[in-house]
Amino acid sequence: MEEEFFLIDPGSRAVASLGSRVVARARETVGDLVSGEFDECQVEVKTPPCREGADLYGALLAVRGAAAAAARAEGLGICASGTPVIGREGPAIVGDHPRYRAGLDQFGTLLDGFAICAAHIHVHVPDREMAVLIGNHLRPWLPLLVAMSANSPFLDGRDMGYASWRTVIRGRFPALGAPPHVESLGHYERLTAALQESEAMLDGAIPFWDVRPNPRLPTLEIRAMDVPAEVADTVALAVLIRALVVTASALVQRGHTGPETCSELVRAAYWRAARDGWPGKGVDALTGRVLPCSVQATRLVEHVRSALEQHGDLDRAMGLLRRLGERGCGAQRQRASWRRRAHLTDVVDDLERLTSGRRGEPSGGRPGRATVRPA
């Protein structure tokens, strides 16, 4: 599991570009489980491989705690939101990594404002041929995962009118989003090589698609989701995705290479999920029908029920659906925080409390200086 967070100045609640300092502090306690990201206002946390949902829950609490402690030592907080709620004070600073620099050279101003935070889930799949065929089976479900995790309605002090503005930002790039349907590993590799040669893709071995086999590890990475504020939601998404991969693996072994879902329908489903989130309606990419997200999610659970029960994860998955039904996705919760006093500082304070695992009443006592600009 990987999660990305913003670093927050406790006074303004704007993002703060001190990632390298926070990472250096965290390294003293958890090594490379806290690392830098594309923008210096971000950090990424990672867990070791986990077999059980309870183990993943504990590992995420621990590594989030380490990142929060390192941030506090630098006078900062950490915040799980797909986009910066209030914005930043000062210029963007790109992280010191050759891949980030190469991306800037290749994509230029497309990367302006590309400080976004996601949750990435890696599932063990030892065979790369199977991994890319599993991706075919996952494609139609990716928009629903966007709706379930949508947690980025605000950007730089403005309500963008979307539940996941992070998804919209990513959609402006070539060769990003749902992977194409492929017939084999060879087909996948020829396609990524051609896209790299065209310069629409930075590195064919590590595409930016929302499902990709890792070039060095025996895992399939799923990366469509905004980062959730609460650990319980991240873990529930993780076990649902593992169940999807397990279910798809069994289908591939029986010779099913996956539905050839229309790419335009998948793209439309992504857009609708990004706009409406949960509890909206979304495009079922398998049929083209517009259905409530709750109906699609029930279908998802039934599709993977056997795998969920096999791993003892059914209650976690159903708990996520129950919480979504009660309070909506992260975007709804952010907007509810703002509606209390029309202060975006309340949104950031609530997100920081949830990210760090602190319970209690929603904040609202600290003075708020930022107001929202409607879309």
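Modeller: Helix 12 (residues 330–341) and helix 13 (residues 344–355) have axes that come within 7 Å and cross at roughly 135°. Axes here are lines fitted to C-alpha atoms, for helices over the stretch in contact, and angles run from 0 to 180 degrees between N-to-C directions. Helices (H or I, at least four residues) and strands (E, at least two) are DSSP runs, numbered from the N terminus. This is a predicted model: local features need pLDDT of at least 70, side-chain atom pairs count only at pLDDT 80 or more, and totals for chains, interfaces and linings use all residues. Residues are numbered from 1 along each chain as its sequence is written, and side-chain values use heavy atoms, with hydrogens and water left out.

Biologist: What do you call the way helix 12 and helix 13 lie to each other?

Modeller: Oblique. Angles under 35 degrees count as roughly parallel, over 145 as roughly antiparallel, 65 to 115 as roughly perpendicular and the rest as oblique.

Biologist: Which residues of helix 12 and helix 13 meet?

Modeller: From helix 12, Arg 333, Gln 334, Ser 337, Trp 338, Arg 340 and Arg 341. They meet Leu 344, Thr 345, Asp 346, Val 347, Asp 350, Leu 351 and Leu 354 in helix 13. Contact means heavy atoms within 4.5 Å.

Biologist: Now helix 4 and helix 7. At what angle do they pack?

Modeller: About 75°, with the axes of helix 4 (residues 128–138) and helix 7 (residues 185–198) 8 Å apart. Helix 4 and helix 7 are therefore roughly perpendicular to each other. Arg 128, Glu 129 and Val 132 of helix 4 make the contact with Leu 185, Tyr 188 and Glu 189 of helix 7.

Biologist: New topic. Which residues of helix 9 are buried?

Modeller: Val 266, Ala 269, Tyr 270, Arg 272, Ala 273 and Ala 274. Buried means under 20% relative accessible area, exposed over 50%, partly exposed in between (1.4 Å probe, protein chains only).

Biologist: And what do the buried residues of helix 9 pack against?

Modeller: Their partners include helix 5 (142–149), helix 6 (165–170) and strand 11 (219–226).

Biologist: What comes just after helix 9?

Modeller: Gly 277, which takes a positive phi of about 55°.

Biologist: Last one. Where is Met 160?

Modeller: In the loop between strand 7 (158–159) and helix 6. Met 160 is buried, with a relative accessible area of 13%. The C-alpha atoms of Met 160 and Arg 275 are separated by 9.3 Å, though these residues are 115 apart along the chain.
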